[in-house]
Amino acid sequence: MILGKVVGTVVATRKDESLVGSKLLLVQPITPDGDSQGVQLVAVDTVDAGAAETVLIVSGSSARMAAGLTDLPVDAAIIGIVDTIEIDNSA
């Protein structure tokens with residue numbers, strides 16, 4: 001899984017018919033500390049995430065296992081909205 005921050009939306013008026021009605025969001029992967037990491041990606045939103053929310057993303061074949069995405073042409077899906085991140089530095 002990947003932690004990310006929603007940074008925008010993607011509107012595609014022409015797309016595969018199976019994606020009609022799906023919300024596409026632009027997500028910036030982040031570290032647990034909230035620092036940007038890597039390149040932004042487009043993910044199908046399955047949990048009604050909003051702008052600036054921290055989310056959990058799955059990619060590859062795992063994305064196609066998310067609710068309602070079976071057999072759809074997706075490579076990344078938002079599967080959770082993060083409430084808090086707690087890091088145990090004692091280990």
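Predicted model: local features only at pLDDT ≥ 70, side-chain atom pairs only at ≥ 80, totals over all residues.
## Barrel

Five strands form a closed barrel in the order β1-β2-β3-β5-β4, and the pairing around it is mixed. From one strand to the next, the twist averages 55°.

## Pairing of strand β1

Strand β1 covers residues 2–10 and pairs with β2 in the antiparallel sense, over six bridges.

## Strand β2 and its pairing with β3

Strand β2 comprises residues 23–29, and five of its seven residues are buried, so the strand is largely enclosed by the rest of the structure. Besides its six bridges to β1, β2 has five bridges to strand β3 (residues 41–45), and β2 and β3 run antiparallel. L24 has V44 in β3 as its bridge partner.

## K5

K5 is found in strand β1. Its relative accessible area is 29%; because buried means under 20% and exposed means over 50%, K5 counts as partly exposed.

Leaving aside neighbours within four places in sequence, K5 is in contact with L26, V27, Q28, I30, A52, E53 and T54. With one of these residues, T54, there is a polar contact between side chains, at 3.2 Å. K5 and G50 are 45 residues apart along the chain, and their C-alpha atoms are separated by 9.6 Å.

## Q28

Q28 has its place in strand β2. With a relative accessibility of 10%, Q28 counts as buried, because that value lies under the 20% cut-off.

Not counting residues up to four places away in sequence, Q28 touches L3, G4, K5 and V7, and also S36, Q37, G38, V39 and Q40. The side chains of Q28 and Q40 are joined by a polar contact of 3.5 Å.

## The two residues together

K5 and Q28 touch each other. K5 belongs to β1 and Q28 to β2, and these two strands pair in the antiparallel sense. K5 is partly exposed, whereas Q28 is buried. The side chain of K5 has its polar contact with the side chain of T54, while that of Q28 has a polar contact with the side chain of Q40.

Definitions and conventions
Residues numbered from 1 in each chain as written. Heavy atoms only, no water. Buried < 20%, exposed > 50% of the residue type's maximum accessible area, 1.4 Å probe, protein only. Helix = DSSP H or I, 4+ residues; strand = E, 2+ residues; numbered from the N terminus. Pairing = 2+ DSSP bridges. Contact = heavy atoms within 4.5 Å. Polar contact = N/O pair within 3.5 Å; in protein donor to acceptor, adjacent residues only side chain to side chain. Axes fitted to C-alpha atoms, helices over the stretch in contact; angles between N-to-C directions.
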